[in-house]
Amino acid sequence: VGGAARRRGEPVSHLISVYQMWPPVRPYESERNRLPTLDFAAWARGTAGVQVAALGAQNLLRMTPMVRGMHTTRSCAGQARCIEACDHLSEAIKMLSLFDVVGTPDCMQSALLAAGAKLRLRRESSSDGWLRMSSVAGRLRPRELIRESPRAVHPGQAVYEASRVRWEQLNASTRDEVLNVVGRCDLALYRSALERAEQTLPGRRGQCNQTRTPVRSSLA
């Protein structure tokens with residue numbers, strides 16, 4: 001949509017979601033029986049700055065090899081020191097200002113409505129509009145869309161259950177480690193996204209930071 005909208009998720013919830021959707025696996029193993037090559041904590045150590053990289057340094061964001069899954073890398077060629085994803089935080093924050101609408105998952109309906117207004121889409125009934133927005137946002141999706149959407153894992157695979165992560169089930173040291181990872185720069189980007197959301201979503205001031213994740217304290 002030509003940069004009309006952007007969604008930024010709460011960093012820890014984003015990591016949990018990515019690990020569950022695209023867990024690190026061995027591509028040559030049977031899809032039905034293979035398991036994650038790394039547990040969530042070990043995998044998360046390599047993800048510092050993934051949201052920053054997605055906005056400000058895409059060359060440092062990797063989805064392969066599959067045994068590592070999504071991770072960030074460094075750029076060392078011709079540099080006095082290696083450049084990491086988090087070194088691009090300021091660029092990522094600047095990128096946020098280029099979008100007409102910025103929303104978080106808690107304000108997704110408002111973000112999609114605002115994006116539609118910016119693009120001057122035709123007005124439609126609330127039920128039709130919600131069905132269309134749901135298919136975009138991944139909520140209440142029609143059966144045919146679910147059937148056609150590509151998935152990295154599905155209930156018939158052993159990795160489907162093995163990659164399920166529950167924050168409340170992680171021990172304290174793992175939680176601290178993950179919070180330190182997102183705290184390096186992605187949390188700062190998310191705070192900027194919340195501020196930008198309040199600027200671009202009319203009538204939603206103060207309502208886009210009501211995250212329902214168990215890591216609400218990470219925003220303090």
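## A tour of the predicted model

Next, select residues 1-7. Here too pLDDT stays under 50, and the model has 21 contacts beyond four places in sequence.

This is a predicted model, in which local features need pLDDT of at least 70 and side-chain atom pairs count only at pLDDT 80 or more, while totals for chains, interfaces and linings use all residues. Residues are numbered from 1 along each chain as its sequence is written, and side-chain values use heavy atoms, with hydrogens and water left out.

**The whole chain**

Now show the protein chain. Its pLDDT averages 78, and 73% of the residues score at least 70. Colour by secondary structure to find 10 helices and four strands. These are DSSP runs, numbered from the N terminus: helices are H or I with at least four residues, strands are E with at least two. Along the sequence the order is β-α-α-α-β-β-α-β-α-α-α-α-α-α.

Of the 220 residues, 40% count as buried. Buried means under 20% relative accessible area, exposed means over 50%, and partly exposed lies in between (1.4 Å probe, protein chains only). Among contacts with a separation of 6 or more, 69% join residues 24 or more positions apart.

**Helix 1**

Select residues 11-21. This is helix 1, with P11, V12, L15, I16, V18, Y19 and Q20 buried. Show their neighbours: these buried residues pack against helix 2 (40-44), helix 3 (50-56), helix 9 (172-183) and helix 10 (186-200).

**Helix 2**

Move to A42, in helix 2. A42 is partly exposed, at a relative accessible area of 23%. Then pick V178, 136 residues away along the chain; the C-alpha atoms of A42 and V178 are separated by 9.6 Å.

**Helix 10**

Finish at T200, in helix 10. Is T200 buried or exposed? T200 is buried, because its relative accessible area is 9%. Show its surroundings: T200 touches D100, V101, V102 and A114, leaving aside residues up to four places away in sequence. Last, trace the T200 side chain to the backbone nitrogen of V102, which it reaches at 3.1 Å.

Terms used
pLDDT = per-residue confidence, 0-100. Contact = heavy atoms within 4.5 Å. Polar contact = N/O pair within 3.5 Å; in protein donor to acceptor, adjacent residues only side chain to side chain.
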